[in-house]
Structure formats: C-alpha cells, structure tokens
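Here is a short report on side-chain contacts in one chain. It covers charge pairs, ring pairs and a surface patch.

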Amino acid sequence: MPRAAAIRFKQLCNEKDLDYRVTLLEKAPLLGGHTLSGAVLEPRALEELFPDWEERGAPLHTPVANDRAGFLTATGRIPLPILSGTPTDNHGNYVVRLGNVVAWLGEQAEELGVEVYTGQGGIEVLYNDDGEVCGVATNDVGVAKDGSPKGSFERGMELRAKATLFAEGCRGSLSKEVIAKFGLDADV
C-alpha cells in the first residue's frame, strides 16, 4: 500500500532528522476514492505504523463477531471448522470499508509531512540521461472529453526524485513499463 510506504519512510526520516521530501500521488479526487471494497483487516500492520491507531481515530469500528467457513454446494453449505491461527480465524480483526482506511492513512501521512496530491495520476515515467528512473509526470487537468483544453486547463507536473515507488495496483501501466524496460520479471 503506497500510503503505508510513504508513512514509514517519512517516520524513518523524522526519526533520523533527515529532511527528505516525500510525495504521494492519488489519482482519485479524494483519498481512497478508488478503493471501494470491504475487507476484514488485521490491525497488526496499523499497530506497526501507529501503535496509538485507536486514539488517532482509525476507522476500525466493527470487530469480527464470529467466523463461519464452508463449502457451497448445489444444495447448501457444508460447514468447515475454523482453525485457530489460519486465514479463516478472524479473531481480533475488523470489518472495514477499505476506502475509509486508505483515506485515514492519507491523513496520517499528511500529518507527518508527506505531500499528497489528489486528482493527480502518474502518466509518464521520467528517466535521466543514464536511463534510470528519476520520477514521474502527472496528468494534465482541465481537459475536455475530446482532449481539448478547457478554461481551467493546467499542465501536469514533473516530479523528479531520488527514489520512486510505483504502487499502482495490479497491472498499472507505469509499473508495466518499468518492469519491461528493466526486465524485472525475468525468471519469474
């Protein structure tokens, strides 16, 4: 999750008194706007980032009350036992709307000093003269459906960085480009 990576990197910078600029692009107009699924969330990852996640108001309000597992057949469900310590054991976990968790993580990142740009998707990988990744360019805004500029048109930004993390989700176009260019999927 890109927000967690930005948070942890900024926490480490702050702990070591290093002033690195950390920028997070969110393609959706609102933090978490493209994260629509519900999920069962194990809070251990949040505890690693923020031991005080409850006091910070993390949107984990519905603890899992019970677990059921089974095989669905043409005539009904065959119950299976819930084995402690397996993925079917959700004791201590929470039912969440993942978009709310993503939005909350974005707010926590901003509080740490991460620059968050919403409505800005990365559309182009930037390379330096040596062919190394040196950042991304964002999409233009204020563009009509036919591609022509509207009165509110603004050119996208070029964000250059010492390190660029691509966390576009599955099959992200920029990630695909970088994977192909550098052969990152060789022998996989």
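## Basis

Buried means under 20% relative accessible area, exposed means over 50%, and partly exposed lies in between (1.4 Å probe, protein chains only). This is a predicted model, in which local features need pLDDT of at least 70, side-chain atom pairs count only at pLDDT 80 or more, and totals for chains, interfaces and linings use all residues. Residues are numbered from 1 along each chain as its sequence is written, and side-chain values use heavy atoms, with hydrogens and water left out.

## Salt bridges

Side chains of opposite charge can pair when their charged atoms come close. The rule here asks for a side-chain nitrogen of Lys or Arg within 4 Å of a carboxyl oxygen of Asp or Glu. The count is 8 salt bridges.

R3 pairs with E26, with the closest N and O atoms 2.0 Å apart. R3 lies in helix α1 and E26 in strand β1 (residues 23-26), so the bridge ties together parts 23 residues apart in sequence. Helices (H or I, at least four residues) and strands (E, at least two) are DSSP runs, numbered from the N terminus. Both R3 and E26 are buried.

D52 and R56 also meet in a salt bridge, at 2.9 Å from N to O. Shared partners join D52, R56 and E111 into one network. D52 is partly exposed at 30% relative accessibility, and R56 is partly exposed at 33%.

## Aromatic pairs

Rings of Phe, Tyr and Trp (its six-membered ring) pair if their centres lie within 6.5 Å; planes under 30 degrees apart are stacked, over 60 edge-to-face, and the rest tilted. The whole structure holds 4 such pairs. One of them is F50 with W104, edge-to-face at 5.7 Å between centres and 75 degrees between planes. F50 sits in the loop between α2 (44-49) and β3 (62-63), and W104 in helix α3 (residues 98-112), 54 residues apart. F50 is buried at 2% relative accessibility. W104 is buried too, at 4%.

The ring centres of Y127 and F182 are 6.5 Å apart and their planes are at 50 degrees, so this pair is tilted. Y127 belongs to strand β8 (residues 122-127) and F182 to helix α4 (residues 173-182), 55 residues apart. Y127 is partly exposed at 25%, and F182 is partly exposed at 40%.

## Charge over rings

A charge sits over a ring if NZ of Lys or CZ of Arg is within 6 Å of the ring centre and within 35 degrees of the ring normal. K181 lies over the face of Y127, 4.7 Å from the ring centre. K181 also lies over the face of F182, at 5.8 Å.
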